[in-house]
Amino acid sequence: MITLDSVSKSYEKGKPAIHNISLHIDKGEFVFVVGDSGSGKSTLIKLLLKELNPSSGTIFVNGKILNKLTRRQISKYRRSLGVVFQDFRLLKDRNVYENVAFSQRVIEKPNWMIKKRVPEVLTLVGLADKYRSNPKELSGGEQQRVALARALVNRPKILLADEPTGNLDPKNSNEIMKMLEEISECGTTVLVVTHNKGIVNVMKKRVIHLRKGVIISDEKEGIYVEN
Amino acid sequence: MFSLASIATMGACIFLFGLFFALNLNFTYIMKNVESNVGITVFFNEGLDQASIDTIGQEIRNRTDIVTKCNYVSADEAWESYIAEYFEGNTQAAEGFKANKDNPLKHSAHYEVYVNEIEKQNELVNYIKGLEGVRNINQSQQASETLSTINRLITTVSMLLIIILLAVSIFLISNTISVGVSVRKEEIGIMKLIGATDTFVRLPFILEGILIGLVGAAIPLTALYFLYNQAIEYILTKFSVLQNFMNGLQPVNHVFQFLLPVGLILGMGIGFVGSFFTIRKHLKV
């Protein structure tokens, strides 16, 4: 599903953010990418989102070589992904329903599909009764659920979550992680970038540990140990 | 706020464009009228036979790229025309002169040649000078040069002003779109990350630019439509001495037959160019 072959990424006048990384993630797999600040976690997400191009190496996702995608193909590729950010990135001038529907409108889905799919996914994340609320009226946990609903509404094959629990209390963090686990069990590949040790260690999933742009460990049912 | 500023500048630009367009159209029309009355007179060598004179006439008429009319005036016709003009209203004296068989203008047979563009008069004069049998050419060089200069001046000044205003309009529309983009930067970023195509993201901004251009063009064009009629009426009433000259002005419908589509297309074009290149610059997510 996702393969990185000797991928490096260097920014101008700096040390490589990612250096010679090779890894493979299967369909439906749940993977944590952990590491300190500056370890290259966010760069990895940006490379997978095709926000950045690798300086060297090749990235394969769903059989496509990301390095070779044209601008038009990038849009199409991104539609197969769902993304969740630490800061939720919700549109503050739209209500919960519109925030989720936005994801479908952008890729020009018909109205009938939007009307059917948005309530379904809001029910899935437990926010069916709050569809009219403004994001500002919601708690952090609820806002992240809206972001999750927005990421899921287009039924992505891969879900990328960049510090999804970074702004949440432990209770909400656990709930979000539980949802991500359920999503993974339904066949979606889930890649979670985090430095939340507690959650990683409880969930017993595959853990890829990055340090200074290099993979220092990759364990099936790993734990996050800071050195 | 920026949209209003853009519409206002666009309005000023299209208003001035329309004003100069109308001025130019009218001036060109007046010029054409004047040009058709400013001719060249071609005289022949003494004793030139009629066949050679006809050949010269044919060679002049062959220059269809410049010549619009070429009339032959014989010596007798020239003498009659002179008498008619000189003794206007005094038929007795005129008859007395006609009785004199000796035509003092017997070497004054000539061609009266009219050109389609006054700027080409000199070119034609040089051409005719080269024809065999031509003795002398009279031309209203000063009139032609003055008219050409005024025409060139109006065209140059109006073109310069229009270019400056177009640049200002594009700059302001570009600014409006830039502000719109920065206000919606987060939304655009999210859109791109969840798979929106460039066209989907650009389209609202391009439409906004075109709409600004359209509104910015429609307002001054409407104003010009009413002002133009009133201006003609005012000129004809207040400056009756110019009435004969002003009869050459174009009616509003004729001016707007060109100005309306050109103005609207120009407005939309400026809006499109301003917004398209601005959004292109900002959309590199």
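A residue is called buried when its relative accessible area is under 20%, exposed when over 50%, and partly exposed in between, using a 1.4 Å probe and protein chains only. By that rule B:Gly180 counts as buried, because its relative accessibility is 16%. This is a predicted model, in which local features need pLDDT of at least 70 and side-chain atom pairs count only at pLDDT 80 or more, while totals for chains, interfaces and linings use all residues. Residues are numbered from 1 along each chain as its sequence is written, chains are lettered from A and ligands numbered from 1 in the order in which they are written, and side-chain values use heavy atoms, with hydrogens and water left out.

**Chain A overall**

- Chain A holds seven helices and 10 strands. Helices (H or I, at least four residues) and strands (E, at least two) are DSSP runs, numbered from the N terminus.
- Of the 227 residues in chain A, 52% are buried.
- The accessible surface of chain A is about 10,900 Å², and carbon and sulfur atoms account for 49% of that surface. Such areas come from the Shrake-Rupley method with a 1.4 Å probe; for residues, only the protein chains shown count as cover.
- Take the contacts in chain A between residues at least 6 apart in sequence: 68% of these join residues at least 24 apart. A contact means heavy atoms within 4.5 Å.

**The six-stranded sheet of chain A**

- Six strands form an open sheet in the order E6-E7-E8-E3-E9-E10, with mixed pairing. Strands E6 (81–85) and E10 (214–219) are the edges; each has a single partner strand, so one side of each lacks a neighbour in the sheet.
- On average, neighbouring strands of this sheet are turned by 15° against each other, direction ignored.
- Two strands pair if DSSP finds at least two bridges between them. E6(A) runs parallel to E7 (residues 158–162) of chain A, with five bridges joining them. Here A:Val83 stands opposite A:Leu160.
- Helix H5 (residues 140–152) of chain A lies across E6 and E7, at about 165° to E6(A). Axes are lines fitted to C-alpha atoms, for helices over the stretch in contact, and angles run from 0 to 180 degrees between N-to-C directions.

**Strand E3 of chain A**

- All five residues of E3 (residues 30–34) are buried. A:Phe30, A:Phe32 and A:Val34 cover one side, with A:Val31 and A:Val33 on the other.
- E3(A) is parallel to E8 (residues 189–194) of chain A, through five bridges. A:Phe30 faces A:Val190 there.
- E3(A) also pairs in the parallel sense with E9 (residues 206–211) of chain A, over four bridges. In that pairing A:Val34 stands opposite A:His209.

**Helices H3 and H4 of chain A**

- The axes of H3 (residues 96–106) and H4 (residues 111–124) come within 9 Å and cross at roughly 130°. That makes H3(A) oblique to H4(A). Angles under 35 degrees count as roughly parallel, over 145 as roughly antiparallel, 65 to 115 as roughly perpendicular and the rest as oblique.
- Residues of H3(A) that meet H4(A) include A:Val96, A:Tyr97 and A:Val100. Their partners in H4(A) include A:Ile114, A:Val118 and A:Leu122.

**Chain B**

- B:Gly180 lies in helix H6 (residues 141–183) of chain B. Its C-alpha atom is 7.9 Å from that of B:Phe205, 25 residues away along the chain.
- Helix H7 (residues 185–193) of chain B has seven of its nine residues buried, so the rest of the structure largely encloses H7(B). Among them are B:Ile188, B:Ile190 and B:Leu193.
- B:Gly195 follows H7(B) and has a positive phi, near 105°.
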